[in-house]
Every structure is written in structure tokens, then in C-alpha cells.
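Q: I would like to learn how to read the features of a model like this one. Can you take me through it step by step?

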Amino acid sequence: PLPPASRSLREAQGAMLGGTLYVFGGFVDGWSRMSADAWACDLRGSTPRWTPLPRMPLAAQGNTHAGNAADEASQTIYLAGGMAMRAGRQGLDDVYTADDVLALHTPTATWKRLPPLPAPRFGGGLALLDGVLHFASGGTVDGSRAGGRADAFTADHDQHWALSLADPTRGWRARAAVPVRANNMAAAALRPHVELLGGQIHGAA
């Protein structure tokens, strides 16, 4: 069995890379706050344990519901978009949609910021194919407009954007739209395609 996490988290991001399990962000203290913490658990030894990593470089208090992708070749994990909570605030009324794009180089535990998404999105599918990051679909929330978790949802989207990691300064470029507007979709790169699976329409799976 794995050792328990250092704290109780809800809806955190996770990725597996090189035999190590990574966890990022998530809700803490129920739904009242968010975390920007990052943790790693190396599963290759006889006694796995959680090791803290540098926090995600966010202006927000924390992040959840980001798209994530892992690249074995460069040993890098990518996070894009998500739900965020304003720094110093507490409660779902202060949740908003993020456009942050981050890269964690795991051998050096170093974060890097990449160009933000063209528009804020949470729950979009993120995949890396032939050196290009693809972000597709996703939703938007505005906690200030409703004061309730379910009511904070505003819309699902069908945009598909791509970012070349060979020259990220060119920014995200529009690609063919997704035929379904949805959020919380899984994404996988199966050359030559990016596959999108599952998801929710509004709050219904």
C-alpha cells in the first residue's frame, strides 16, 4: 500500500512519470481553500514516501481541475488551465477559471511558466503529440455570480488550441474545434491523433 498523503486533498491533479507519482494542488479544508503544493512519491523503492516539491508558481491561492500531460522523453509534466481561488480568500465564491500553463521538469524539480491559454478554461483535455501541446474543450466557472459550487458553472466550450514547444513564443494556435462542448475530459496522444474521452456536459457525466 502507498503511504497516506501529507494532507487531505480533493480534486487534485495527478500524473505518473518514471515510476514516480506526482500530485498538484487541490481543495483543502473541504471546499474552503485551495492548495498550490506539489508532492512526489517514488514507487520504485521498498518504502515509498511523499516528498514535497516547490509550489506551483501561481498568483492564485491554488489550483484544481487543470489539464495535465506527462512527457517521458523530457521528464516534464505540463498543467494547463483549471479552477483557481483568489489569494488570501476563502470559500467557493472566490473560485474562478484560470489560464495558467506550467511545466515541471521533474529531474531538477524546476517550474517554468509557458504562454497562457487564449482564454481561461477548467477541465480541458491536455495531450502532447510530436512536440506540440494540445488543449481541447473545458468549461468556465465564476464563483462570484452564484455563491454555490454547482451554480458557479457558466459554460462548456469546444475550442482546440495547440502550442509548439519548439517555439512557445508563438503562442497557442487555434485548431479544429471539438464536436462536443464538455468539461473534465481525458486526453491521450495516439499518433497521429489526439483522443478525447468521457467528460461532463455542465455538471452531468
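**Reading the model**

A: Strands are DSSP runs of E, at least two residues, and helices are runs of H or I, at least four, both numbered from the N terminus. This is a predicted model: local features need pLDDT of at least 70, side-chain atom pairs count only at pLDDT 80 or more, and totals for chains, interfaces and linings use all residues. Residues are numbered from 1 along each chain as its sequence is written, and side-chain values use heavy atoms, with hydrogens and water left out.

Q: What does Ala189 contact, leaving aside neighbours within four places in sequence?
A: Contact means heavy atoms within 4.5 Å. Ala189 is in contact with Ala127, Leu128 and Leu129. Ala189 and Ile77 are 112 residues apart in sequence, and their C-alpha atoms are 14 Å apart in space.

Q: How many helices and strands does the chain have?
A: The chain has 0 helices and 21 strands. Its radius of gyration is 16 Å, close to the 17 Å of the globule rule for 205 residues, so the chain is as compact as a globular protein of that length. The radius is taken over C-alpha atoms; the rule is 2.2 Å times the number of residues to the power 0.38. Of the 205 residues, 46% count as buried.

Q: Which residues have the most contacts inside the largest nonpolar core?
A: In soluble globular proteins, nonpolar side chains tend to be buried together. A nonpolar core is a set of buried Ala, Val, Leu, Ile, Met, Phe, Trp, Tyr and Cys residues joined through side-chain atoms within 4.5 Å. The largest has 16 residues, and Tyr22, Phe24, Met56 and Trp111 have the most contacts inside it. Strands β1, β2, β5, β9 and β12 each supply at least two of its residues. A second, separate core of 14 residues includes Phe135 and Trp161.

Q: Which residues line the largest cavity?
A: Rolling a probe the size of a water molecule over the atoms shows where empty space is left. On a 1 Å grid over the protein atoms alone, a cavity is a set of points where a 1.4 Å probe fits but cannot get out; lining residues have an atom within 4 Å of a point. Among the lining residues are Met56, Leu79 and Asp100.

Note on methods. Buried < 20%, exposed > 50% of the residue type's maximum accessible area, 1.4 Å probe, protein only. 1 Å grid on protein atoms, 1.4 Å probe; cavity = no way out; pocket = protein on both sides within 12 Å on 5 of 7 lines; lining within 4 Å.
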